[in-house]
Amino acid sequence: MKTFIIHFLIAFIGSYLYFKYGDPMLPYNAFWAVVVAVFIMFVLWLTTPFYHRTYFHKLPRALNFIAYFLKELVVANLRVAYDILTPNYRMKPAVVAVPLSVTTDLEITLLANIITLTPGSLMIDISADRKLLYMHTLYVKDNDLESVKYHIKHGFERRLMQLTR
Amino acid sequence: MLDNINFLLIREIVSSVLIIIGVVFMTISTIGLLRFPDFYIRMSAITKGATLGLGLILTGMGIYFNEPDMFLKVMLIIGFTFLTSPVAAHVIGRTAVRNKIPFWERTNLEEFKDYLHKEHSAHRDHERDNKQV
């Protein structure tokens with residue numbers, strides 16, 4: 001995680017300086033800026049096996065996680081938008097207690113933030129012993145609370161644990 | 001080959017499409033704020049729709065103005081919005097539960113009963129203490 005943040009900052013500032021003060025061969029626009037930043041990160045990633053072996057395996061998983069999160073964000077937003085624009089409510093809200101497998105502060109904070117950013121689900125509280133996470137969710141099919149829990153645990157939490165352990 | 005492409009036109013089209021999608025998302029979430037049945041569902045609609053809409057509008061703006069400084073600032077604004085808006089939503093929701101804002105009658109509260117009972121009785125104790133002072 002620390003390595004990723006350092007690499008990200010290096011790539012960001014590197015491409016920024018390249019286009020601001022360097023003599024760019026490419027025309028400046030957002031697309032080429034992103035390409036240059038990704039290229040710098042890729043070169044840095046190829047050097048990681050010499051000093052940080054686990055990071056070499058974690059970056060593809062991190063990209064997978066980000067892609068999954070963006071997909072969930074757009075799909076859930078469209079679902080809520082559809083419900084707003086049609087006259088009948090299709091939603092069946094519920095408050096679910098999700099049992100947590102993650103333990104540290106960082107993991108719980110990230111998981112809670114991601115759950116709250118996904119539309120249709122809102123985190124309300126964590127129980128005092130950090131075992132349960134109370135989550136307000138729309139869209140529960142046929143009162144099947146277990147499937148909601150399964151979705152959270154195997155979608156977000158499993159990927160998050162692969163990243164942080 | 002790169003000289004033949006009209007970059008200004010491409011930029012204008014891409015940024016217009018992004019900004020229009022963002023505005024549509026924000027409008028829809030505002031309609032949701034007006035017509036959803038209870039406090040929690042309304043808050044779900046408004047916070048997320050506004051966050052995604054803001055991200056899309058700012059990305060479109062950064063692409064249109066086409067300067068490194070602008071893109072840097074836009075990226076920073078989007079990052080901080082995505083970090084802070086769920087925290088605000090969580091705090092508002094938690095305060096609403098503590099202040100006994102009712103849920104929609106069709107909400108399934110089975111797993112939440114214990115927590116609600118504990119929270120509200122604790123709250124009642126708190127009020128009683130305040131009265132004694």
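Analyst: Start with I115(A): leaving aside neighbours within four places in sequence, this residue is in contact with S121(A), M123(A), M135(A), I152(A) and F156(A). Two residues are in contact if their C-beta atoms, placed from the backbone, lie within 7 Å. The structure is a predicted model, in which local features need pLDDT of at least 70 and side-chain atom pairs count only at pLDDT 80 or more, while totals for chains, interfaces and linings use all residues. Residues are numbered from 1 along each chain as its sequence is written, and chains are lettered from A and ligands numbered from 1 in the order in which they are written.

I115(A) and M135(A) have the most contacts inside the largest nonpolar core, which has 40 residues. A nonpolar core is a set of buried Ala, Val, Leu, Ile, Met, Phe, Trp, Tyr and Cys residues joined through C-beta atoms within 7 Å. A residue is buried if 20 or more other C-beta atoms lie within 10 Å of its own, exposed if 12 or fewer, and partly exposed in between, with C-beta atoms placed from the backbone. Helix 2 (residues 39–65) of chain B gives the most to this core, seven residues. Domain 1 (2–51) and domain 2 (60–164) of chain A both contribute residues, so the core lies between them. Those bounds come from an automatic or database domain assignment.

Chain A has 165 residues, of which 24% count as buried. Its five helices and three strands run α-α-α-β-α-β-β-α from the N terminus on. Helices (H or I, at least four residues) and strands (E, at least two) are DSSP runs, numbered from the N terminus.

The contact between the chains takes 36 residues from chain A and 37 residues from chain B. On the side of chain A that touches chain B, helix 3 of chain A provides the largest share, six residues. That side divides into 26 nonpolar, seven polar and three charged residues. Here Ala, Val, Leu, Ile, Met, Phe, Trp, Tyr, Cys and Pro count as nonpolar, Asp, Glu, Lys and Arg as charged, and the others, Gly among them, as polar.

On chain B, the buried residues of helix 1 include L18(B), F25(B) and I28(B). An unreviewed UniProt entry annotates residues 13–34, 46–65 and 71–92 of chain B as "transmembrane region"; positions are given in the numbering used here, feature names are shortened, and annotations may be inferred rather than shown by experiment. Over residues 46–65 of chain B the chain is 100% helix and 0% strand, with end C-alpha atoms 28 Å apart.
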